[in-house]
Amino acid sequence: MIITMNSRDLLEGLNIVTRALAARPAKQILDGVWIYASENRLHLTCSDGSLSIVYTNAAHIREEGQTVIPARILTELIRKLPEGDVTLTVQNNRLANIRCMKTRSNLSVMSAAEYPEISGITGGTTVKIPQRILKNMISRVMFAMATDESRPILTGCLLEVSRTEARIVALDGFRLALQKTFQPFDLPENVDTVKAIIPGKVITELSRILPENDAFCALTIDHGRMMIEFDNIRLSTVLLAGEYIDYRRLLPTDFSSQAKANRVQVLEAIDRASLMAREGKNNLVRMGFHENVLTISSNAEMGDVEEELDADLVGENIDIAFNAKYMIDILRNISDEDLNMKFRSSVSPCILTPSSGDEYVYLILPVRVS
(Lines give C-alpha, C1' and ligand atoms only; values in the text may rest on other atoms or scores of the structure.)
Protein backbone atom coordinates (compact mmCIF):
# COMPACT_ATOMS: atom_id res chain seq x y z
CA MET A 1 0.00 0.00 0.00
CA ILE A 2 1.32 3.45 -0.97
CA ILE A 3 -0.76 6.58 -0.32
CA THR A 4 -0.08 10.31 -0.25
CA MET A 5 -2.31 12.75 1.61
CA ASN A 6 -2.12 16.22 3.10
CA SER A 7 -0.98 15.95 6.73
CA ARG A 8 -3.77 18.23 8.03
CA ASP A 9 -6.47 16.16 6.33
CA LEU A 10 -4.94 12.96 7.68
CA LEU A 11 -4.74 14.44 11.17
CA GLU A 12 -8.36 15.57 10.98
CA GLY A 13 -9.44 12.03 10.17
CA LEU A 14 -7.31 10.47 12.90
CA ASN A 15 -8.58 12.96 15.50
CA ILE A 16 -12.14 11.98 14.64
CA VAL A 17 -11.88 8.20 14.45
CA THR A 18 -9.66 7.79 17.55
CA ARG A 19 -12.59 9.08 19.62
CA ALA A 20 -14.00 5.56 19.29
CA LEU A 21 -10.99 3.92 20.97
CA ALA A 22 -11.45 2.31 24.35
CA ALA A 23 -9.17 3.27 27.23
CA ARG A 24 -8.45 -0.44 27.72
CA PRO A 25 -9.27 -2.31 24.52
CA ALA A 26 -10.50 -5.88 24.81
CA LYS A 27 -8.17 -6.90 21.97
CA GLN A 28 -4.83 -5.46 20.92
CA ILE A 29 -6.09 -5.03 17.36
CA LEU A 30 -8.69 -2.53 18.67
CA ASP A 31 -5.86 -0.28 19.77
CA GLY A 32 -5.15 0.37 16.10
CA VAL A 33 -6.63 2.35 13.24
CA TRP A 34 -7.68 0.30 10.24
CA ILE A 35 -6.47 2.04 7.09
CA TYR A 36 -8.03 1.00 3.80
CA ALA A 37 -6.97 2.62 0.52
CA SER A 38 -8.91 2.11 -2.70
CA GLU A 39 -9.98 4.11 -5.76
CA ASN A 40 -8.30 7.33 -4.59
CA ARG A 41 -10.20 7.26 -1.30
CA LEU A 42 -8.66 6.69 2.12
CA HIS A 43 -10.83 5.11 4.81
CA LEU A 44 -9.82 5.33 8.49
CA THR A 45 -11.67 3.23 11.07
CA CYS A 46 -11.43 2.88 14.85
CA SER A 47 -13.69 0.84 17.11
CA ASP A 48 -14.10 -0.21 20.72
CA GLY A 49 -16.29 -3.15 19.76
CA SER A 50 -19.57 -1.27 20.27
CA LEU A 51 -18.88 2.13 18.71
CA SER A 52 -17.12 2.43 15.36
CA ILE A 53 -16.20 5.63 13.52
CA VAL A 54 -15.21 5.70 9.85
CA TYR A 55 -13.67 8.74 8.15
CA THR A 56 -13.30 8.92 4.38
CA ASN A 57 -11.40 11.45 2.28
CA ALA A 58 -9.68 11.80 -1.05
CA ALA A 59 -6.04 10.72 -1.29
CA HIS A 60 -3.53 9.88 -3.99
CA ILE A 61 -3.44 6.08 -4.01
CA ARG A 62 -0.40 4.73 -5.84
CA GLU A 63 -0.95 1.21 -4.56
CA GLU A 64 -4.18 -0.02 -2.97
CA GLY A 65 -4.18 -2.02 0.24
CA GLN A 66 -5.06 -2.09 3.92
CA THR A 67 -3.31 -2.31 7.24
CA VAL A 68 -3.75 -1.59 10.96
CA ILE A 69 -1.38 0.84 12.71
CA PRO A 70 -1.31 1.70 16.45
CA ALA A 71 -3.73 4.63 16.44
CA ARG A 72 -2.59 6.90 19.24
CA ILE A 73 1.10 6.98 18.34
CA LEU A 74 0.27 7.45 14.66
CA THR A 75 -1.99 10.39 15.54
CA GLU A 76 0.67 12.04 17.68
CA LEU A 77 3.30 11.49 15.02
CA ILE A 78 1.15 13.09 12.31
CA ARG A 79 0.28 15.94 14.70
CA LYS A 80 3.96 16.84 15.05
CA LEU A 81 4.78 16.70 11.36
CA PRO A 82 5.14 19.91 9.33
CA GLU A 83 2.21 20.81 7.12
CA GLY A 84 2.53 19.22 3.71
CA ASP A 85 2.03 15.90 1.97
CA VAL A 86 2.54 12.67 3.91
CA THR A 87 3.40 9.45 2.10
CA LEU A 88 2.53 6.21 3.87
CA THR A 89 4.08 3.02 2.51
CA VAL A 90 3.39 -0.48 3.84
CA GLN A 91 5.27 -3.44 2.42
CA ASN A 92 5.20 -7.10 3.47
CA ASN A 93 2.64 -6.17 6.16
CA ARG A 94 5.41 -5.56 8.68
CA LEU A 95 6.31 -1.88 8.83
CA ALA A 96 4.62 1.37 7.85
CA ASN A 97 7.07 3.93 6.50
CA ILE A 98 5.87 7.53 6.96
CA ARG A 99 7.57 10.34 5.04
CA CYS A 100 6.89 14.06 5.17
CA MET A 101 9.44 16.40 3.64
CA LYS A 102 12.74 15.39 5.32
CA THR A 103 11.11 13.44 8.15
CA ARG A 104 11.14 9.62 8.07
CA SER A 105 9.46 7.29 10.58
CA ASN A 106 8.65 3.61 10.79
CA LEU A 107 5.82 2.05 12.79
CA SER A 108 4.97 -1.60 13.29
CA VAL A 109 1.66 -2.72 11.80
CA MET A 110 -0.93 -5.39 12.54
CA SER A 111 -2.78 -7.59 10.10
CA ALA A 112 -5.94 -6.03 8.68
CA ALA A 113 -7.40 -9.55 8.41
CA GLU A 114 -7.64 -9.64 12.22
CA TYR A 115 -9.64 -6.40 12.46
CA PRO A 116 -13.33 -7.00 13.34
CA GLU A 117 -15.76 -6.52 10.48
CA ILE A 118 -17.56 -3.17 10.70
CA SER A 119 -20.98 -3.87 9.26
CA GLY A 120 -23.37 -1.11 8.31
CA ILE A 121 -27.15 -1.13 8.47
CA THR A 122 -28.91 -2.08 5.26
CA GLY A 123 -32.52 -1.83 6.45
CA GLY A 124 -34.11 0.03 9.31
CA THR A 125 -35.66 3.48 9.49
CA THR A 126 -33.71 6.57 8.47
CA VAL A 127 -34.49 10.07 9.70
CA LYS A 128 -32.66 13.24 8.72
CA ILE A 129 -32.01 16.21 11.03
CA PRO A 130 -29.92 19.32 10.26
CA GLN A 131 -26.50 18.90 11.83
CA ARG A 132 -26.64 22.24 13.66
CA ILE A 133 -30.00 21.40 15.25
CA LEU A 134 -28.94 17.90 16.32
CA LYS A 135 -25.70 19.22 17.81
CA ASN A 136 -27.60 21.90 19.72
CA MET A 137 -30.19 19.43 21.04
CA ILE A 138 -27.51 17.03 22.24
CA SER A 139 -25.38 19.70 23.90
CA ARG A 140 -28.35 21.01 25.87
CA VAL A 141 -29.37 17.67 27.42
CA MET A 142 -26.20 15.62 27.82
CA PHE A 143 -25.35 17.13 31.23
CA ALA A 144 -28.37 15.30 32.66
CA MET A 145 -27.23 11.79 31.68
CA ALA A 146 -26.57 9.55 34.66
CA THR A 147 -23.00 8.58 35.47
CA ASP A 148 -23.98 5.87 37.94
CA GLU A 149 -23.69 2.49 36.21
CA SER A 150 -26.21 0.99 38.64
CA ARG A 151 -28.91 2.13 36.18
CA PRO A 152 -27.22 1.66 32.79
CA ILE A 153 -30.28 2.72 30.79
CA LEU A 154 -29.96 6.25 32.19
CA THR A 155 -26.32 6.61 31.12
CA GLY A 156 -27.58 7.33 27.61
CA CYS A 157 -30.13 9.60 25.93
CA LEU A 158 -33.52 8.68 24.55
CA LEU A 159 -34.19 9.72 20.96
CA GLU A 160 -37.84 9.77 19.90
CA VAL A 161 -38.92 10.66 16.38
CA SER A 162 -42.54 11.00 15.24
CA ARG A 163 -43.89 12.33 11.97
CA THR A 164 -43.83 15.93 13.19
CA GLU A 165 -41.05 16.23 15.77
CA ALA A 166 -37.89 14.75 17.26
CA ARG A 167 -37.05 14.67 20.97
CA ILE A 168 -33.89 13.96 22.92
CA VAL A 169 -34.26 13.22 26.64
CA ALA A 170 -31.74 12.70 29.43
CA LEU A 171 -32.38 12.20 33.14
CA ASP A 172 -30.38 11.03 36.13
CA GLY A 173 -32.94 10.82 38.94
CA PHE A 174 -32.42 14.41 40.11
CA ARG A 175 -33.10 16.37 36.92
CA LEU A 176 -34.53 15.85 33.47
CA ALA A 177 -33.62 17.61 30.22
CA LEU A 178 -35.80 17.48 27.11
CA GLN A 179 -35.14 19.21 23.78
CA LYS A 180 -37.44 19.17 20.75
CA THR A 181 -37.24 20.10 17.09
CA PHE A 182 -40.29 20.41 14.90
CA GLN A 183 -40.13 19.31 11.27
CA PRO A 184 -41.75 16.63 9.09
CA PHE A 185 -40.12 13.20 9.26
CA ASP A 186 -40.72 10.51 6.67
CA LEU A 187 -41.49 7.31 8.60
CA PRO A 188 -42.73 3.98 7.21
CA GLU A 189 -46.51 3.67 6.88
CA ASN A 190 -46.84 1.27 9.79
CA VAL A 191 -44.48 3.21 12.12
CA ASP A 192 -45.70 6.16 14.20
CA THR A 193 -42.63 6.62 16.40
CA VAL A 194 -39.01 5.54 16.21
CA LYS A 195 -37.08 5.23 19.48
CA ALA A 196 -33.43 4.64 20.31
CA ILE A 197 -31.47 4.81 23.55
CA ILE A 198 -28.08 6.15 22.47
CA PRO A 199 -25.08 5.34 24.72
CA GLY A 200 -23.53 8.26 26.57
CA LYS A 201 -20.16 7.85 24.86
CA VAL A 202 -21.79 8.20 21.46
CA ILE A 203 -23.74 11.27 22.59
CA THR A 204 -20.56 12.84 23.95
CA GLU A 205 -18.55 12.23 20.78
CA LEU A 206 -21.37 13.43 18.54
CA SER A 207 -21.50 16.71 20.46
CA ARG A 208 -17.82 17.19 19.68
CA ILE A 209 -17.60 16.22 16.02
CA LEU A 210 -20.95 17.29 14.55
CA PRO A 211 -20.39 20.38 12.40
CA GLU A 212 -22.46 23.51 13.01
CA ASN A 213 -24.05 23.78 9.58
CA ASP A 214 -27.45 23.17 8.05
CA ALA A 215 -26.52 20.05 6.08
CA PHE A 216 -28.49 16.99 7.09
CA CYS A 217 -27.33 14.22 9.38
CA ALA A 218 -28.88 10.82 8.59
CA LEU A 219 -29.71 8.50 11.50
CA THR A 220 -30.62 4.93 10.65
CA ILE A 221 -32.05 2.70 13.40
CA ASP A 222 -32.58 -1.03 13.15
CA HIS A 223 -32.61 -3.98 15.58
CA GLY A 224 -30.60 -2.52 18.43
CA ARG A 225 -28.11 -0.67 16.24
CA MET A 226 -27.77 2.86 14.92
CA MET A 227 -25.75 4.33 12.09
CA ILE A 228 -25.15 8.08 11.91
CA GLU A 229 -23.83 9.63 8.71
CA PHE A 230 -22.79 13.21 7.99
CA ASP A 231 -20.24 14.77 5.67
CA ASN A 232 -17.46 12.16 5.26
CA ILE A 233 -18.03 10.51 8.65
CA ARG A 234 -20.01 7.43 9.64
CA LEU A 235 -20.63 6.24 13.19
CA SER A 236 -22.21 2.90 13.99
CA THR A 237 -23.08 1.80 17.50
CA VAL A 238 -24.93 -0.76 19.54
CA LEU A 239 -27.86 0.91 21.30
CA LEU A 240 -28.62 0.49 24.98
CA ALA A 241 -31.11 -2.33 25.54
CA GLY A 242 -34.17 -2.05 27.72
CA GLU A 243 -37.09 0.28 28.36
CA TYR A 244 -36.37 3.92 29.11
CA ILE A 245 -38.24 5.52 32.00
CA ASP A 246 -41.65 6.90 31.03
CA TYR A 247 -40.47 10.49 31.44
CA ARG A 248 -43.88 11.95 30.53
CA ARG A 249 -45.28 10.67 33.82
CA LEU A 250 -42.60 12.62 35.68
CA LEU A 251 -43.68 15.99 34.26
CA PRO A 252 -46.32 17.78 36.37
CA THR A 253 -49.23 19.32 34.47
CA ASP A 254 -50.81 21.52 37.16
CA PHE A 255 -49.06 24.24 39.15
CA SER A 256 -49.85 26.59 42.03
CA SER A 257 -47.23 29.19 41.07
CA GLN A 258 -45.44 30.46 38.00
CA ALA A 259 -42.51 32.88 38.17
CA LYS A 260 -40.55 34.81 35.57
CA ALA A 261 -37.17 36.52 36.00
CA ASN A 262 -34.13 37.51 33.97
CA ARG A 263 -32.21 34.29 33.30
CA VAL A 264 -28.72 35.79 33.28
CA GLN A 265 -29.33 37.68 36.53
CA VAL A 266 -30.63 34.52 38.21
CA LEU A 267 -27.69 32.47 36.91
CA GLU A 268 -25.15 35.02 38.15
CA ALA A 269 -26.85 35.30 41.55
CA ILE A 270 -26.96 31.52 42.03
CA ASP A 271 -23.34 31.31 40.88
CA ARG A 272 -22.36 33.81 43.59
CA ALA A 273 -24.50 32.06 46.20
CA SER A 274 -22.93 28.72 45.29
CA LEU A 275 -19.55 29.97 46.55
CA MET A 276 -20.98 29.74 50.04
CA ALA A 277 -23.24 26.78 49.28
CA ARG A 278 -20.23 24.64 48.39
CA GLU A 279 -18.99 25.05 51.93
CA GLY A 280 -22.17 23.50 53.29
CA LYS A 281 -23.16 19.85 53.34
CA ASN A 282 -25.69 19.85 50.49
CA ASN A 283 -24.48 22.59 48.11
CA LEU A 284 -27.86 24.16 48.79
CA VAL A 285 -29.26 27.39 47.36
CA ARG A 286 -32.63 28.74 48.51
CA MET A 287 -35.01 30.63 46.24
CA GLY A 288 -37.93 32.61 47.61
CA PHE A 289 -40.59 34.10 45.32
CA HIS A 290 -42.75 36.71 47.07
CA GLU A 291 -44.86 39.02 44.88
CA ASN A 292 -42.34 40.85 42.65
CA VAL A 293 -39.14 39.86 44.44
CA LEU A 294 -36.93 36.78 44.08
CA THR A 295 -34.58 36.19 47.00
CA ILE A 296 -31.60 33.89 46.43
CA SER A 297 -29.59 32.84 49.49
CA SER A 298 -27.18 30.28 50.85
CA ASN A 299 -25.44 29.76 54.16
CA ALA A 300 -22.71 27.69 55.74
CA GLU A 301 -20.79 27.71 58.98
CA MET A 302 -18.43 30.43 57.73
CA GLY A 303 -21.14 32.83 56.58
CA ASP A 304 -24.11 33.49 54.33
CA VAL A 305 -25.15 35.19 51.07
CA GLU A 306 -28.46 36.84 50.17
CA GLU A 307 -29.47 38.69 47.03
CA GLU A 308 -32.74 40.15 45.74
CA LEU A 309 -33.86 40.29 42.11
CA ASP A 310 -36.93 41.52 40.29
CA ALA A 311 -39.40 38.79 39.37
CA ASP A 312 -43.00 38.36 38.23
CA LEU A 313 -45.03 35.87 40.25
CA VAL A 314 -48.45 34.50 39.40
CA GLY A 315 -50.03 32.38 42.11
CA GLU A 316 -48.90 31.55 45.63
CA ASN A 317 -45.64 32.69 47.24
CA ILE A 318 -43.11 29.89 47.38
CA ASP A 319 -39.85 29.12 49.15
CA ILE A 320 -37.84 26.29 47.64
CA ALA A 321 -34.26 24.96 47.69
CA PHE A 322 -32.10 23.28 45.04
CA ASN A 323 -28.68 21.78 44.61
CA ALA A 324 -26.77 24.77 43.22
CA LYS A 325 -24.83 22.79 40.61
CA TYR A 326 -27.94 21.14 39.23
CA MET A 327 -29.69 24.48 38.80
CA ILE A 328 -26.63 26.14 37.25
CA ASP A 329 -26.33 23.28 34.73
CA ILE A 330 -29.88 23.92 33.57
CA LEU A 331 -29.61 27.71 33.46
CA ARG A 332 -26.47 27.51 31.33
CA ASN A 333 -28.30 25.41 28.76
CA ILE A 334 -31.19 27.83 28.32
CA SER A 335 -30.59 30.66 25.89
CA ASP A 336 -33.83 32.58 26.45
CA GLU A 337 -33.64 36.00 28.05
CA ASP A 338 -36.44 35.17 30.48
CA LEU A 339 -36.44 32.30 32.92
CA ASN A 340 -39.88 30.72 33.28
CA MET A 341 -40.31 28.47 36.35
CA LYS A 342 -43.41 26.54 37.40
CA PHE A 343 -44.06 25.11 40.88
CA ARG A 344 -46.62 22.90 42.56
CA SER A 345 -45.10 23.03 46.06
CA SER A 346 -41.73 23.40 47.79
CA VAL A 347 -41.22 19.62 47.71
CA SER A 348 -42.50 18.91 44.18
CA PRO A 349 -40.45 19.03 40.99
CA CYS A 350 -39.84 22.45 39.45
CA ILE A 351 -40.38 22.77 35.71
CA LEU A 352 -38.55 25.25 33.47
CA THR A 353 -40.03 25.95 30.03
CA PRO A 354 -39.93 28.73 27.43
CA SER A 355 -42.22 31.68 28.08
CA SER A 356 -43.73 30.86 24.69
CA GLY A 357 -43.30 27.84 22.50
CA ASP A 358 -42.45 24.26 23.39
CA GLU A 359 -38.81 23.72 22.38
CA TYR A 360 -37.53 22.49 25.74
CA VAL A 361 -38.51 21.28 29.20
CA TYR A 362 -36.22 20.98 32.19
CA LEU A 363 -37.19 19.39 35.48
CA ILE A 364 -35.27 19.63 38.73
CA LEU A 365 -36.08 18.05 42.08
CA PRO A 366 -35.98 20.37 45.09
CA VAL A 367 -34.14 19.59 48.31
CA ARG A 368 -36.22 19.26 51.46
CA VAL A 369 -35.21 21.75 54.14
CA SER A 370 -36.52 22.06 57.65
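Is Tyr360 buried or exposed? Tyr360 is buried, at a relative accessible area of 7%; buried stands for under 20% relative accessible area, exposed for over 50%, and partly exposed for values in between (1.4 Å probe, protein chains only).

This is a predicted model, in which local features need pLDDT of at least 70 and side-chain atom pairs count only at pLDDT 80 or more, while totals for chains, interfaces and linings use all residues. Residues are numbered from 1 along each chain as its sequence is written, and side-chain values use heavy atoms, with hydrogens and water left out.

**Overall layout**

The chain has 370 residues, of which 52% are buried. Six helices and 26 strands are assigned, as DSSP runs numbered from the N terminus (helices H or I, at least four residues; strands E, at least two). Taken along the principal axes, the C-alpha atoms fill a box of roughly 80 × 55 × 35 Å. With contact defined as heavy atoms within 4.5 Å, residues 24 or more positions apart account for 67% of the contacts with a separation of 6 or more.

**Cavities**

Rolling a probe the size of a water molecule over the atoms shows where empty space is left. A cavity is a set of points, on a 1 Å grid over the protein atoms alone, where a 1.4 Å probe fits but cannot get out; its lining residues have an atom within 4 Å of a point. Grid points are joined across faces, edges and corners, and the volume is the space filled by probe spheres set on the points. Two cavities of 30 Å³ or more are found in the whole structure.

| Cavity | Volume | Lining residues by class |
|---|---|---|
| Largest cavity | about 70 Å³ | ten nonpolar, one polar, no charged |
| Second largest cavity | about 30 Å³ | eight nonpolar, no polar, no charged |

In these classes Ala, Val, Leu, Ile, Met, Phe, Trp, Tyr, Cys and Pro count as nonpolar, Asp, Glu, Lys and Arg as charged, and the others, Gly among them, as polar.

The lining of the largest cavity consists of Ile3, Met5, Leu10, Ile35, Leu42, Leu74, Ile78, Val86, Thr87, Leu88 and Ile98. Two or more of these residues come from each of β1 (2-6), α2 (71-79) and β7 (85-91). The largest share, three residues, belongs to β7.

Around the second largest cavity are Leu134, Ile138, Leu159, Ile168, Ile198, Ile203, Leu206 and Leu219. Here the elements that give two or more residues are α3 (131-139) and α4 (200-209).

Two of the lining residues of the largest cavity, Ile78 and Val86, are also contacts of Ser7. Ser7 is in helix α1 (residues 7-17) and counts as buried at 0% relative accessibility.

**Nonpolar cores**

A nonpolar core is a set of buried Ala, Val, Leu, Ile, Met, Phe, Trp, Tyr and Cys residues joined through side-chain atoms within 4.5 Å. The largest one has 103 residues, and Val33, Val266, Met287, Phe289, Ile296, Met341 and Leu352 touch the most other members. Not counting residues up to four places away in sequence, Met341 touches Ser257, Gln258, Ala259, Met287, Phe289, Phe322, Met327, Cys350, Ile351 and Leu352. Another core, of 15 residues, lies apart from the largest one and includes Leu154, Leu158, Leu178 and Tyr244.

**Aromatic pairs**

A pair of aromatic rings is described by the distance of the centres and the angle of the planes. Rings of Phe, Tyr and Trp (its six-membered ring) pair if their centres lie within 6.5 Å; planes under 30 degrees apart are stacked, over 60 edge-to-face, and the rest tilted. Six aromatic pairs are found in the whole structure. In one of them, the ring centres of Tyr360 and Tyr362 are 5.6 Å apart and the planes are at 45°, so the pair is tilted. Tyr362 is buried too, with a relative accessible area of 0%. Trp34, Tyr36 and Tyr115 form one aromatic cluster.

Gly357 is in the loop between β25 (350-353) and β26 (360-364) and counts as exposed, at 55% relative accessibility. Its C-alpha atom is separated by 54 Å from that of Glu64, 293 residues apart along the chain.

Pro366 lies in the segment after β26 and counts as buried, at 15% relative accessibility. Leaving aside neighbours within four places in sequence, Pro366 is in contact with Ile320, Ala321, Phe322, Ser346, Val347, Ser348 and Pro349.

Methods
On a 1 Å grid over the protein atoms alone, a cavity is a set of points where a 1.4 Å probe fits but cannot get out, and a pocket is an open set with protein on both sides within 12 Å along at least five of seven lines; lining residues have an atom within 4 Å of a point.
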